[in-house]
Amino acid sequence: MSTKCEMKLCVSLDLPSAKENLALVQQIKDFDVWLKVGLRSFIRDGKNFLKDLKAINPNFKIFLDLKVHDIPNTMADAIEEIAKFGLIDMCNVHASAGQTAMKNVMDRIKDIPNRPLVIAVTALTSFDNEEFKIVYNEDIKTKATKMALDTFNANIDGVVCSAYESFDIKKNTSKEFITLCPGIRPFGEDVGDQKRVADIAFAKENLVDFIVVGRPIYKAEDPKEVVKKILENI
Ligand code: C5P
């Protein structure tokens, strides 16, 4: 299991069919990138899709973004099954499931050889402060930093957060504690439904370990060029 040493690009495979996702991956197969398989692809295409990705380039690292959130035992069962695939390098849970659940997950998989990294979602990047307060009764930054500390103390490997929280989270936990940040618009592209977006320079300044980029790549006319340009800039 390796953690990190430099900022990595994680490409979101959120296209409407396996065929389109695989065509995108074919275009970027020679780059050192992580691939993010989310709910849409996994529900539709399952484990075979993961094997198809590895068949294109066995060196691709796969982040399975299912954001598991349930009672402690069910969460541990789910993450154990993911770890047993032997195909997944990183997966995630929701920090709001609580510290007991997160500890349970880590205890369950700690002895599995080459276990995936497990990170926890703090505040979804689609929240603005107003809506977040309605749900959590606190402002995003304060709550996300608290959740990250709970996560760190539960032996989880890192968090999903926005680039705006990355620096404070590392300051309050450890430099080695992974921050993975969606809501990245590398060169100021359209934000879509994301509220707290950041560009590459901001992510770097805030010590982000992984940037997650979806639409700016897969909706581009030339996704390969965009990936190349992003990698040159990180
Ligand atoms: O297209 P875009 O770059 O906005 O895609 C971001 C990806 O990251 C989507 O797959 C989304 O589900 C995921 N994500 C997110 N916010 C989180 C966790 C995951 O946007 N907190």
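**Figure 1. Strands and a helix that line the largest pocket.** In this predicted model, the lining of the largest pocket draws at least two residues from each of β2 (34–38), β3, β8 and α9. Strand β3 provides the largest share of this lining, with 3 residues.

**Figure 2. The residues and space of the largest pocket.** The lining of the largest pocket comprises 26 residues. Nearest the centre of the pocket lie Asp14, Lys36, Lys67, Pro182 and Gln194. Sorted by class, the lining contains 11 nonpolar, 8 polar and 7 charged residues. The space within the largest pocket amounts to about 490 Å³.

**Figure 3. The ligand and the shell of residues around it.** The largest pocket is where the ligand sits. Around the ligand there are 16 residues, and those that come nearest are Asp14, Lys36, Arg185, Gly214 and Arg215. By class, the shell consists of 6 nonpolar, 4 polar and 6 charged residues. At least two residues of the shell come from each of β3 (61–68), β8 (210–213) and α9 (215–218).

Figure 4. The side chain of Lys36 places a polar atom 2.7 Å from an oxygen atom of the ligand. For Arg215, a polar side-chain atom likewise lies 2.7 Å from an oxygen atom of the ligand. Both Lys36 and Arg215 are among the residues that come nearest to the ligand.

Figure 5. An N or O atom in the side chain of Thr125 is 2.9 Å from a nitrogen atom of the ligand. The ligand taken alone exposes 470 Å², and the protein buries 87% of that area.

Notes
Residues numbered from 1 in each chain as written. Predicted model: local features only at pLDDT ≥ 70, side-chain atom pairs only at ≥ 80, totals over all residues. Heavy atoms only, no water. Near = heavy atom within 4 Å. Polar contact = N/O pair within 3.5 Å; in protein donor to acceptor, adjacent residues only side chain to side chain. Areas by Shrake-Rupley, 256 points an atom, 1.4 Å probe, with all protein chains shown as cover. 1 Å grid on protein atoms, 1.4 Å probe; cavity = no way out; pocket = protein on both sides within 12 Å on 5 of 7 lines; lining within 4 Å. Sits in = over half its atoms within 2 Å of the grid points. Helix = DSSP H or I, 4+ residues; strand = E, 2+ residues; numbered from the N terminus. Nonpolar A, V, L, I, M, F, W, Y, C, P; charged D, E, K, R; others polar. Points joined across faces, edges and corners; volume = space filled by probe spheres on them.
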